[in-house]
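Good morning, and thank you for making time for this item. I would ask you to keep the sequence and the coordinates in view while I speak.

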Amino acid sequence: MKHFRLSLLLIAAIILVSLSACSNVNKNGHKIENFTFTDQNGEKLGLKDLKGNVWVADFMFTSCADICPQLTKYMRDLQKEIKKKGYDDVHFVSFSVDPEVDKPKALKNYASKFEADFSTWHLLTGYSQDKIKDFAMDNFKNIIVKPENDTQVVHGTSFYLVNKDGEVVKDYSTQNGFPLSEIVKDIKALR
């Protein structure tokens with residue numbers, strides 16, 4: 001009887017540890033509107049091209065004097081970690097919040113400094129300032145403001161997890177650091 005109780009306690013402990021390691025990401029979220037923008041290679045990329053893949057999005061711009069280099073490092077670290085796991089079907093999308101400055105060549109040069117793997121990382125531009133402002137708010141609840149007579153653009157610093165159906169299922173604040181292991185765990189749950 002004593003061994004039976006110990007076995008039950010051991011099984012319960014294993015179940016608790018297993019449950020705590022599980023992801024708490026929703027499988028369904030809110031749909032992203034259809035889009036087709038221009039990537040760092042000058043090629044069109046849109047929602048239909050990403051369908052069937054899990055992807056992570058963020059917002060940045062190449063002349064940022066503040067947080068964008070750190071956000072880009074976070075994205076690079078995430079991409080490297082995902083590659084180590086062998087998840088070749090996961091994509092990364094960085095939307096420029098300064099499309100007048102961030103032409104494809106500027107995006108490619110910028111991301112190359114961070115060792116971006118362009119086979120799965122897409123830096124997007126090719127829209128108006130008003131379009132990205134509305135797109136970010138409508139689809140990601142991300143505020144973008146470009147003050148007049150200023151080269152800096154104010155924008156949110158979260159990362160967004162998108163499921164294979166093109167739905168945002170979770171966002172991750174970077175205010176207290178980058179939750180790399182949480183995002184990796186959630187990606188695994190959605191794959």
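Predicted model: local features only at pLDDT ≥ 70, side-chain atom pairs only at ≥ 80, totals over all residues.

The chain has 191 residues, of which 44% are buried. It holds six helices and ten strands. If we take contacts between residues at least 6 apart in sequence, 73% of them join residues at least 24 apart.

Let me begin with the sheet. Six strands form an open sheet with mixed pairing, in the order β1-β10-β9-β4-β5-β6. The edges are held by β1, residues 30-31, and β6, residues 121-124; each has a single partner strand, so one side of each is left without a neighbour in the sheet. The partner of β1 is β10, residues 167-172, and the two run antiparallel, paired over two bridges. Within that pairing, H30 stands opposite V168 of β10.

Two helices deserve attention here. Helix α3, residues 68-85, packs on the sheet and touches β4, β5, β6 and β9. The direction of α3 makes about 165° with that of β4. Helix α6, residues 180-190, lies across β4, β9 and β10, and runs at about 160° to β10.

I shall stay with α3 for a moment. Which residues of α3 are buried? They are C68, L71, T72, Y74, M75, R76, L78, Q79 and I82. As background to such a list, an α-helix has 3.6 residues a turn, so residues three or four places apart point the same way. After α3 comes G86, which has a positive phi near 85°.

What does F95 touch, leaving aside residues up to four places away in sequence? Its contacts are F35, F37, W55, A57, D58, F59, M60, L124, Y127, I132, F135 and F140. In general terms, nonpolar side chains in soluble globular proteins tend to be buried together.

A word on the cysteines. C64 is buried, at 11% relative accessible area, and C68 is buried as well, at 0%. How many disulfides are there, counting sulfur atoms within 2.5 Å? The count comes to zero.

Finally, I turn to backbone angles in the loops. K141 is not a glycine, yet has a positive phi of about 55°. K141 sits in the loop between α5, residues 129-140, and β7, residues 144-145, and is exposed, with 57% relative accessible area. N149 is also not a glycine and has a positive phi, of about 60°. The loop that holds N149 runs between β7 and β8, residues 154-155, and N149 is exposed at 84% relative accessibility.

That concludes my remarks, and I would be glad to take questions.

Note on methods. Residues numbered from 1 in each chain as written. Heavy atoms only, no water. Pairing = 2+ DSSP bridges. Helix = DSSP H or I, 4+ residues; strand = E, 2+ residues; numbered from the N terminus. Contact = heavy atoms within 4.5 Å. Axes fitted to C-alpha atoms, helices over the stretch in contact; angles between N-to-C directions. Buried < 20%, exposed > 50% of the residue type's maximum accessible area, 1.4 Å probe, protein only. Disulfide = S-S within 2.5 Å.
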